[in-house]
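The structure is shown first, and the points follow by topic.

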Amino acid sequence: MGKLIRYIDDARACFARVDWISRESAFISIAQTGVLIKRSRYGIFGAKLYVETNINNCLEMSRVLDNVILSRRSLSYLPKALTDQVLRSFTRLAIETNSALEFRTGIEEAKRLVLEGNRQEQNQKHISEHLDIRAQE
């Protein structure tokens, strides 16, 4: 499991740092423009594990992480001051994994579920439109 080392969740900044037993760190940064998560062994310079600039996709990822992926795992302790929902979700995933690889696997699973959900919504919208057209005929 990862360990929450530092976080700030206020009007000035919204980020967290989680260290894994693999001696890697995750730097999770949330902004109005999206989410950036980096892996590093030496400070903030490192490979990007996840980048999303569409805030609606960030919110959907957060929902999927909380309701589907993390609901299957035990709850981890998060400080009450960590109030940003997107930051909480990604930080919780980082804490409940042991390495950047496990974290990335969780992200990929959430992305797949978000895409599947979007496809189902589009299909239902298409069916609904088709039924409306047939009803008007």
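In this predicted model, Ile-69 touches Val-64, Gly-106, Glu-109, Ala-110 and Leu-113, leaving out residues up to four places away in sequence. Ile-69 belongs to helix α1, which covers residues 55-69.

**Ile-69**
- Ile-69 has a relative accessible area of 1% and is therefore buried, the cut-off being under 20%.
- Gly-106, one of the residues touched by Ile-69, is 37 residues away along the chain, yet the two C-alpha atoms are separated by 7.4 Å.

**Helix α1**
- The 15 residues of α1 reach 20 Å from the first C-alpha to the last, close to the expected 21 Å.
- At the N-terminal end, α1 is capped by Asn-54, with a side-chain oxygen 2.8 Å from the backbone nitrogen of Asn-56.
- Cys-58, Met-61, Ser-62, Val-64, Leu-65, Asp-66 and Ile-69 are the buried residues of α1.
- An α-helix has 3.6 residues a turn, so residues three or four places apart point the same way.

**Nonpolar core**
- The largest nonpolar core has 29 residues, and those touching the most other members are Trp-20, Val-35, Ile-37, Phe-90 and Phe-103.
- At least two residues of this core come from each of β2 (14-19), β3 (25-31), β4 (34-40), β5 (47-52), α1, α2 (85-95) and α3 (100-136).
- The most is given by α2, with six residues.
- Beyond its neighbours within four places in sequence, Phe-103 is in contact with Trp-20, Ile-37, Leu-49, Phe-90, Leu-93, Ala-94 and Thr-97.

Definitions and conventions. Residues numbered from 1 in each chain as written. Predicted model: local features only at pLDDT ≥ 70, side-chain atom pairs only at ≥ 80, totals over all residues. Heavy atoms only, no water. Helix = DSSP H or I, 4+ residues; strand = E, 2+ residues; numbered from the N terminus. Buried < 20%, exposed > 50% of the residue type's maximum accessible area, 1.4 Å probe, protein only. Contact = heavy atoms within 4.5 Å. Expected span 1.5 Å × (residues − 1). Polar contact = N/O pair within 3.5 Å; in protein donor to acceptor, adjacent residues only side chain to side chain. Core = buried A, V, L, I, M, F, W, Y, C linked by side-chain atoms within 4.5 Å.
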